[in-house]
Amino acid sequence: MMQQKLHVTLLTGRTIEQGVGKEYGKSSPEYYEACSMVYMDADDMQKLGVKNGTNVLVTTPNGSVVLKAVKYPRSAIPGLIYIPYGPWANSIVSNATTSIGMPSFKGTPAEVEAAPDQPVLSMKELLKKEFGR
Amino acid sequence: MSVINAVTCPICGCLCDDIEVTVVNNEVVKVKNGCAVCEAKYMGYKSEHRIRQPLIRKDGKLVPVSMNEAVHKAAEILANANYPILYGWSSTNCEAQRVGVELAEEVGGVLDNTAVVCHGPSLMGTQEVGIPTSTLGQIRHRADVIIYWGCDPWSAHPRHLERYTIFTEGRFEDSEWKSYLNKVKAAAGKKKLLSAQRAGLSKKAPATVAESVVFNKPPETLQKEGRKLIVIDVRKSMTAEMADYFIQVEPNKDYELMQALRALVKDEELDVDQVAGVPVEYLKEVVETLVNCKFGVIFFGMGLTQSAGKFRNIEVAISLTRDLNMRTKFLIMPMRGHFNVAGANIVFAWQSGYAFGVDFSLGYPRYNPGETTSMDVLLRGESDAALVIASDPGATFPKRAVQSLVKNPLIVIDPHMNATAMLGDVVFPSAFVGIEVEGTAYRMDNVPLPLKKVVEPPEGILSDEELLKKILEEVKSIKAQKTKQKAEGA
């Protein structure tokens, strides 16, 4: 059955593509491709009516961001989404440091909905939108 | 053309020191032995994303200025600030980090490195309970059980498996590379068979086995002789694909799982059927493997430090290692990510007494995570200026922290036009440490290694150390002038 919104647990982390992209340069197309996406569970994508490559809107109490949905290739990860480290992920991650300096980059609640008509922002556009520069 | 041997790779905490770099006309044209990220760095260092000259933000736009103007502007910002943050320090050498400590003390700021969003919790966990660890050489030659917990070295430390753990030929333990290849071949054969079945042998659709979070029973190979790889993670990572046994733990439940393992290591009975989604009977088999090994090691990463529990996860992981040491030999090591972040911790600790989050605002160093850590200072909006060097908080800090960073004057020192540089007010280009500048860096096991200079930096581009020294000198002279003016005024 199709669902409008999906409640998930947000993880952010390293991928090898993100690692390669950051070394080419943060404004490189490699970095953009690697970081402006979200890995999702295949069944979860079906529930939302989202195909590989469709844009989705991920929302947390800290903000929302449009990302390209990609099926997680190696296993089922029901109820989890995985966004590579980068400005896109960081525009929605929790900033609760639980008084030790470390924000909760992994394991916080989020919502996903299909957003096929909304564009994924480039890094320049994203920085402009969030920080006005 | 010249070929330079034994170059230390300046990217992750592995600091692979067997890279071979070919240089033609002061340009790197070929890299051998490195991973994909290493190649990207050596090929990308000269790209169009490089900053070519000092920049200052005027009317909302970054415009090129002279070095002297930029240095003066930066020094003025720092000298006039009440509570500046000096953050980053991980992608540079220890020599620059040392100047950084002096600068932080001079301006009375908060000195912090990228460990705060990385292994800061590990340092705190270590401060609580100590850490039984070793150098990677010991592990390479002796370890027969290797656990990666909450980390994916295949993606973040691509050559870690091949140089230090499961796929390396040790003096006392053999590489598991061949048996892994056989496993891959067998899996590929199985897949072919399945697709043949699907193609013609039966009209009925093949019974697809629904994948679920409930993972498999521990395989028999878990009790085999030789090296064994166990991966514990919330998702099946690339490293998990190579593992003898992959345990898929529920998110934010690592702490429970480790406490359960601790109880089992001490031969206590658990009165639940499963912990963190893992059946206890499977855990018993894992513990059997752990206590029967000769030399075990736990590597852990952001899966523990960034999810619920944070430094308490590390504390209990170290305690688990300690418990295992009652039965056999076990070690634990954080998978330090950023190039020389371990060096930043060591330099800061040796100069100020503390490894990260050092506050000099009272004239002497203070450390209180949650108070003096840069992230909390930013989220509380207390700082009034910042210097960011050799890191990119613009792309690695949560939005609100970056907003706080951008609200005040921001000085950035970096070779590349990264997110922070795009947001900066004064931007300095610097030479690539490990490519254009030599120096010292610390590997993840805290072994210092020399970095090589393989090419000359572009004309007019200084190293981090030289830039910082210039800024420090200018800060001192501005402050001396101020004192003089005050004395004259009085």
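Biologist: In this predicted model, which residue stands opposite Phe300(B) in E14(B)?

Modeller: The model is predicted. Strand E13 of chain B, residues 296-300, is joined to E14(B) by five bridges, and the two run parallel. Phe300(B) faces a residue of E14(B), and that residue is Pro334(B).

Biologist: Which strands are at the edges of the open sheet of chain B?

Modeller: The sheet is open and parallel, and its five strands follow the order E10-E9-E8-E13-E14 in chain B. From one strand to the next the twist averages 15 degrees. An edge strand pairs on one side only, which holds here for strand E10 (245-248) and strand E14 (330-334) of chain B.

Biologist: At about what angle does helix H13 of chain B run to E14(B)?

Modeller: Helix H13 covers residues 311-324 of chain B and lies across strand E8 (145-149), E13 and E14 of that chain. Relative to E14(B), the helix runs at about 160 degrees.

Biologist: What span should helix H14 of chain B have?

Modeller: Helix H14 comprises the twelve residues 341-352 of chain B. The expected span is 1.5 Å times one less than the number of residues.

Biologist: Against which elements do the buried residues of H14(B) pack?

Modeller: The buried residues of H14(B) include Val341(B), Ala344(B), Val347(B) and Phe348(B). After the helix comes Gly353(B), with a positive phi near 100 degrees. The packing partners of the buried residues, in chain B, are helix H3 (94-107), strand E7 (110-113), H4, strand E15 (358-359) and strand E20 (439-442).

Biologist: Which element gives the most residues to the side of chain B that touches chain A?

Modeller: The contact draws 59 residues from chain B and 47 residues from chain A. Elements giving two or more residues to the chain B side include helix H1 (36-44), helix H4 (120-129) and helix H17 (399-407) of chain B. By class, that side has 29 nonpolar, 19 polar and eleven charged residues. The element that gives the most, with six residues, is H17(B).

Biologist: What is the radius of gyration of chain A?

Modeller: Chain A holds five helices and six strands, and buried residues make up 54% of its 133 residues. Its C-alpha atoms fill a box of roughly 40 × 35 × 30 Å along the principal axes. The globule rule gives 14 Å for 133 residues, so chain A is as compact as a globular protein of that length, with a radius of gyration of 14 Å.

Definitions and conventions
Residues are numbered from 1 along each chain as its sequence is written. Chains are lettered from A and ligands numbered from 1 in the order in which they are written. This is a predicted model: local features need pLDDT of at least 70, side-chain atom pairs count only at pLDDT 80 or more; totals for chains, interfaces and linings use all residues. Two residues are in contact if their C-beta atoms, placed from the backbone, lie within 7 Å. Helices (H or I, at least four residues) and strands (E, at least two) are DSSP runs, numbered from the N terminus. Ala, Val, Leu, Ile, Met, Phe, Trp, Tyr, Cys and Pro count as nonpolar, Asp, Glu, Lys and Arg as charged, and the others, Gly among them, as polar. Two strands pair if DSSP finds at least two bridges between them. Axes are lines fitted to C-alpha atoms, for helices over the stretch in contact, and angles run from 0 to 180 degrees between N-to-C directions. A residue is buried if 20 or more other C-beta atoms lie within 10 Å of its own, exposed if 12 or fewer, and partly exposed in between; C-beta atoms are placed from the backbone. The radius of gyration is taken over C-alpha atoms; the globule rule is 2.2 Å times the number of residues to the power 0.38.
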